[in-house]
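Subject: Handing over the model

Hi,

Here is the structure I promised to pass on. Have a look at it first, and then read my notes below.

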Amino acid sequence: MAGRTVRVRGLPAELPPDRVADKLTIHFLRSRNGGGEIADVQVLPGACALITFEAPEVAQRIVQAEHVLSVGGRRYPLEVTAQGAELSPDEV
């Protein structure tokens, strides 16, 4: 899984984790956002998520682009960084 996972920060903390996961999935599936097929989305405490893509090149594109998540008329600038090692949510 190395090279396929990105860490996303700056998520709307007021939304339930399942809704955040849905919004992230939609955003990062879109080709106009540099996205592609997603293997897994884990929303973690602290307005953070780990997203694992099917292909490492998608993760590389995602990290290089700027992302803003729009939810209910509000815009949330996202900080997207490469996740060096695969971690379980208990290790984050």
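This is a predicted model: local features need pLDDT of at least 70, side-chain atom pairs count only at pLDDT 80 or more; totals for chains, interfaces and linings use all residues.

Before the strands, a word on terms: two strands pair if DSSP finds at least two bridges between them. Helices (H or I, at least four residues) and strands (E, at least two) are themselves DSSP runs, numbered from the N terminus. With that in hand, β4 and strand β5 (residues 74-82) run antiparallel and are joined by five bridges.

Residues are numbered from 1 along each chain as its sequence is written, and side-chain values use heavy atoms, with hydrogens and water left out.

The overall picture

The protein has two helices and five strands, and along the sequence they come in the order β-α-β-β-α-β-β. Of its 92 residues, 39% count as buried; buried means under 20% relative accessible area, exposed over 50%, and partly exposed in between (1.4 Å probe, protein chains only). Contact here means heavy atoms within 4.5 Å. Among contacts between residues at least 6 apart in sequence, 62% join residues at least 24 apart.

Leu 69 is worth a click. Leu 69 counts as buried because its relative accessibility is 4%. Leaving aside neighbours within four places in sequence, its contacts include Leu 24 and His 27, as well as Tyr 76 and Leu 78. Leu 69 and Phe 28 are 41 residues apart in sequence, and their C-alpha atoms are 9.9 Å apart in space.

Helix α1

Val 20, Ala 21, Leu 24, His 27 and Phe 28 are the buried residues to look for in α1. Seen down the helix axis, the buried residues fall within an arc of 130°, so they line one face of α1; the arc is that of the directions from the helix axis to the C-beta atoms. An α-helix has 3.6 residues a turn, so residues three or four places apart point the same way. The cover over the buried residues of α1 includes β1, β2, β3, α2 (56-64), β4 and β5.

Asn 33 is buried, with a relative accessible area of 17%, and touches His 27, Ile 62 and His 67, not counting residues up to four places away in sequence.

Side-chain links

How many salt bridges does a search of the whole structure find? It finds one, a salt bridge being a side-chain nitrogen of Lys or Arg within 4 Å of a carboxyl oxygen of Asp or Glu. The partners are Glu 14 and Arg 74, whose closest N and O atoms are 3.6 Å apart. Glu 14 lies in the loop between β1 (5-9) and α1 (17-29) and Arg 74 in strand β5, so the pair ties together parts 60 residues apart in sequence. Both Glu 14 and Arg 74 are exposed.

Thr 52, in strand β3, is buried at 6% relative accessibility.

One last stop

Ala 47 is in the loop between β2 (38-44) and β3 (48-53). Its phi is near 55°, a positive value in a residue other than glycine. At 25% relative accessibility, Ala 47 counts as partly exposed.

Cheers
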